[in-house]
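User: Hi! Could you walk me through this structure with a few questions and answers?

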Amino acid sequence: MEELKKKIEEIKSLEDLEKVRVEIFGKKGILAAEFAKLKDIPPAEKKDFAKGLNDKKAALTKIFEDIKNLLEQEALNKRLKSEAIDVSLYGYELKKGSLHPVMETMDKIIDYFATLNFSVESGPLVEDDFTNFEALNLPKNHPARDMQDTFFFKDKNLLRTHTSPVQIRTMLKQKPPIRMIAPGAVFRRDYDLTHTPMFHQVEGLVVGKKGEVSFANLKFILEDFLRYMFGDVKVRFRPSFFPFTEPSTEVDISCIFCEGKGCRVCSHTGWLEVLGSGVVDPNVFKAVGYEDVSGYAFGLGVERFAMLLHKIPDLRSLFEGDIRLLEQFR
Ligand code: DAH
C-alpha cells in the first residue's frame, strides 16, 4: 500500500499518471488481481478481507484524484500562460485614407450635374492645336491665346490648357442634343499662391435645336449650382470675353467670408469670381459641323472652389504631398 501510494505521489505528468492508473486500477491491474484472490479466501474471513481491499482502493483513489487534479491544474496554468494575449501591447496602426480635397470638390461638382443627366466626358491631356485652340475660335495669332501660358511639345502638340477641347471632341463624335461636363487636369505655366502648373477644371456644354437652349437656361443652372456648392449666396453675371462664347460672362458669388461686406479674400469688393461662361459662339459650331443649333458653355477651376470651400490660403501646399496637411480634410 505504502509503495503504491508513493508511486502515485511521485508522478510528474498526466501521461505517466494514465500509465499508473492502468497499472493499479485497470482490469488487469494490481487491485483487480487482489480482488481476484477473494474467491480463495475462507468464508469467515471474506468480509474483513473485502473491507480491507475496499478501504485500500478508496484511499488510493483519493490520492490518485488529488494528484490528477494537481497535474491538470498545472497543465492548465501552463497553457493559459503560453496562450495569454497582452491586450496592452500596441497593434499595427491602420491608417484610414481620405479623398484629396480637390478630388472631393470635383466629386461634389460632378454629382450636381450627373443628377441633372449631364454625361461625364473626358479627353486626352496631350492635345493638338486644332482641338485646344483653333476649333474654339482661337485662330493662330489670335491675341486671346496669350491668356493661357501653354506648355508646347516639339511636335506642335501641347498639354491642354483647359477642358474646353473636350467640348469639341464630344461634338465631333456625337450629334446634338448634348448635355455634358468634362472634369480633368489642365496645365499652364503658372506658379504662385493661387496657381499651380497642373490644376483641374470642369467644363460644361449644353446644345439643343436653335432657340431651344438660351442664356436664361445657363443663368438658371449656374445660379442653382453655385447655391448647391456655397450655400445661400448672391450670384452676379458680369460681361466678359471668351473667344468660344458670345456673349460671355464671368460669374461671381457674394463673398462667403465677409458676406459681401468686403474683406481681404474678395479684395474688398464683396464678390468672388468663380466661373466663366457664355452662349456658344457660332464659329465653334461651324468648326465641328453643327448647324441650326444653340447652346451654352461654362468652365470652372476646381482648385479655386476647393480653396474657397476649405479656406485654403496657399494652393501649392495641396500638391506637396504632406499627409499631415491632407489629414485635416478628412
Ligand atoms: N476655358 C476657360 C478657361 O480655361 C473657361 C471657360 C470660360 C470655359 C467660358 C467655357 C466658357 O466653356 O464658356 O479659362
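Predicted model: local features only at pLDDT ≥ 70, side-chain atom pairs only at ≥ 80, totals over all residues.

User: How many residues surround the ligand?

Analyst: The closest include His-162 and Arg-188. By class, the shell has four nonpolar, ten polar and two charged residues (Asp, Glu, Lys and Arg count as charged; Ala, Val, Leu, Ile, Met, Phe, Trp, Tyr, Cys and Pro as nonpolar; the others, Gly among them, as polar). The number surrounding the ligand is 16.

User: Which strands each supply at least two residues of the shell around the ligand?

Analyst: Strands here are DSSP runs (E, at least two residues), numbered from the N terminus, while helices are runs of H or I with at least four residues. The strands asked for are strand 5 (198-209), strand 8 (271-280) and strand 9 (293-301).

User: What is the distance from an oxygen atom of the ligand to an N or O atom in the side chain of Glu-203?

Analyst: Let's start with two other side chains. A polar side-chain atom of Ser-164 lies 3.0 Å from a ligand nitrogen, and an N or O atom in the side chain of Gln-201 is 2.9 Å from a ligand oxygen. For Glu-203, the distance to a ligand oxygen is 2.5 Å.

User: How far apart do the C-alpha centres of domain 1 and domain 2 lie?

Analyst: Domain bounds come from an automatic or database domain assignment. That assignment gives domain 1 as 2-82 and domain 2 as 101-329. Their C-alpha centres are separated by 93 Å.

User: Where is Pro-247, which a cis peptide bond joins to Glu-246?

Analyst: Omega of the bond between Glu-246 and Pro-247 is about -5°. Another cis bond runs from Pro-176 to Pro-177, with omega near 5°, and Pro-177 is in the loop between helix 7 (165-173) and strand 4 (178-187). Pro-247, however, is in strand 7 (residues 245-254).

Key
Residues numbered from 1 in each chain as written. Heavy atoms only, no water. Near = heavy atom within 4 Å. Polar contact = N/O pair within 3.5 Å; in protein donor to acceptor, adjacent residues only side chain to side chain.
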